[in-house]
Amino acid sequence: MKHLLVDISAHGFGHVAQTSAVLNALDCTNIRLTIRSSAAEKMLRERIRHPFTLIPYQQDAGMVMHDALRVDIAASMRWYADFHANYAARKAQAARELAQLQPDLLFANVPYLSLDAAGECGVPAIALCSLNWADVFHTYCGGLPGAAQIREEILHAYTQAECFLQPTPSMDMHPAIRTQPIAPIAAQGKRNPAGLRQQSGLPDHTRFVLVALGGLGMEYPLENWPRIPGVCWIFPDVALTQARADFLPASLFALPYVDLLASCDAVITKTGYGTQTEAVVNQVPTLCITRPGWPEEPNLPDWHAQHGELTLIDWKTLQTGGFTHQIRALLEMPWRKPLVFPTGAQQAAERLLNRITSP
């Protein structure tokens, strides 16, 4: 039986969403899966439908964030400077750990240390992501002392991957990385709005708006949140710091995230691959908070606007609660775009299967 080792960044939910879609499309009949990640085990097992061994493991920080929208540039630079101060020793240790696991293939989304380690010990490796930390780091920290050398080390690690699969739409990447564009990757949910009304005990005319700003801490301006007759807002449980009849916790519905998203009438999110592509694939109108400077802009919002129903908003407007008009318009907006078929997961799975079964 072949052994596939999968390393997943825990910087938000998007990396897990992309990777799980690929693994779920993979025929694992003769493949043993090991997942290394510091993402929550509950989320990993909810998303990944194959049995796997989990090793809690953190080998990147992505960017250190003030919250889901704002990068802490100073803290990020400190983290990278510390991580790379003894990078050669870290890489040697990572190579020893990789060799002990004896994988036939490493699949990374998108930590770079294990890719560098794979190059050291001759393990074939494939990367996949809509972004990479070398270019994201350079965007925010590139002008700081010592950043150029750190970026070169990260880029070198990414070049150890045989290919870097880029699901549409991806950020622009450094030409040294051996990128290969593929179709979008997004999970397709089961739409059941009647089930939401039944489980919440609300009338048949109730509309549901999912508030989903990703897996990083966010203080929601609940005191200014608008009240719209017939509309209920579904929040992450941890965000509900005050009670209101039209505020509902996501756990009330006991649904996988993508089924909850697909069953809602609209979603509020931020620029980020996972929810935006899943909103398009599941035809859920979206109010998206822009992230000026984040490297996935403008590629991701441009693609979303082309293939889905999208309204952009800034964080300040959301904080004041001045988005009632936008939500009303989205709830009444007919879906005018053709279906988007997320075949990128199948493409990536085929690439993995061909590589791991090759002599």
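Visitor: What makes the charged end of R291 count as sitting over the ring of W294?

Guide: In this predicted model, the charged end of R291 is 4.0 Å from the centre of the W294 ring. The cut-off is 6 Å, together with a position within 35 degrees of the ring normal, so R291 is said to sit over the ring. R45 is placed over the ring of F52 in the corresponding way, 4.1 Å from the ring centre.

Visitor: Which residues does W133 touch beyond its neighbours in sequence?

Guide: Leaving out residues up to four places away in sequence, W133 touches S9, H11, H15, D60, G62, M63, Y80, V110, Y112, I154, Y158 and W294. W133 also belongs to the largest nonpolar core, where M63, Y112, W133 and Y158 touch the most other members of the 43. Two or more residues of this core come from each of α3, α4, β4, α5, β5, α6 and α7. Another core, of 32 residues, lies apart from it and includes C28, L44, F107 and L165.

Visitor: Why is the pair of Y80 and F137 called tilted?

Guide: The ring centres of Y80 and F137 are 4.7 Å apart, and the planes make an angle of 45 degrees. Centres within 6.5 Å make a pair; planes under 30 degrees apart would be stacked and over 60 edge-to-face, so 45 degrees is classed as tilted. The pair joins helix α3, which holds Y80, to helix α6, which holds F137, across 57 residues of the chain.

Visitor: How do you know whether Y80 and F137 are buried or exposed?

Guide: Buried requires under 20% relative accessible area. Y80 has 1% relative accessibility and therefore counts as buried. F137, at 0%, is therefore buried as well. Both residues also belong to a cluster linked by ring pairs, together with W79, F83, Y87, Y112, Y158 and F164.

Visitor: What makes the pair of W225 and F235 edge-to-face?

Guide: The angle between the planes of W225 and F235 is 65 degrees, with the centres 5.1 Å apart. Because that angle is over 60 degrees, the pair is edge-to-face. W225 lies in the loop between β8 and β9, F235 lies in strand β9, and the two are 10 residues apart. W225 is buried because its relative accessibility is 4%, and F235 is buried because its value is 0%. The structure holds 16 aromatic pairs.

Visitor: Why is R151 counted as buried?

Guide: R151 has 16% relative accessibility, which is under the 20% limit, so R151 counts as buried. The residue lies in helix α7. Beyond four places in sequence, R151 is in contact with A134, D135, F137, H138 and H174.

Visitor: What makes helix α10 mostly covered?

Guide: Of the 9 residues of α10, 9 are buried. They are Y273, G274, T275, Q276, T277, E278, A279, V280 and V281. The helix is followed by Q283, which has a positive phi near 55 degrees.

Visitor: Which elements line the second largest pocket, and which gives the largest share?

Guide: At least two lining residues come from each of α1, α2, α9 and α14. The largest share, 5 residues, is supplied by α1. The lining has 19 residues, and N24, R49, A187, Q188 and V258 lie nearest the centre of the pocket. The space in this pocket is about 460 Å³.

Notes. Residues numbered from 1 in each chain as written. Predicted model: local features only at pLDDT ≥ 70, side-chain atom pairs only at ≥ 80, totals over all residues. Heavy atoms only, no water. Core = buried A, V, L, I, M, F, W, Y, C linked by side-chain atoms within 4.5 Å. Buried < 20%, exposed > 50% of the residue type's maximum accessible area, 1.4 Å probe, protein only. Helix = DSSP H or I, 4+ residues; strand = E, 2+ residues; numbered from the N terminus. Contact = heavy atoms within 4.5 Å. Phe/Tyr/Trp six-rings, centres within 6.5 Å; stacked < 30°, edge-to-face > 60°. 1 Å grid on protein atoms, 1.4 Å probe; cavity = no way out; pocket = protein on both sides within 12 Å on 5 of 7 lines; lining within 4 Å. Points joined across faces, edges and corners; volume = space filled by probe spheres on them.
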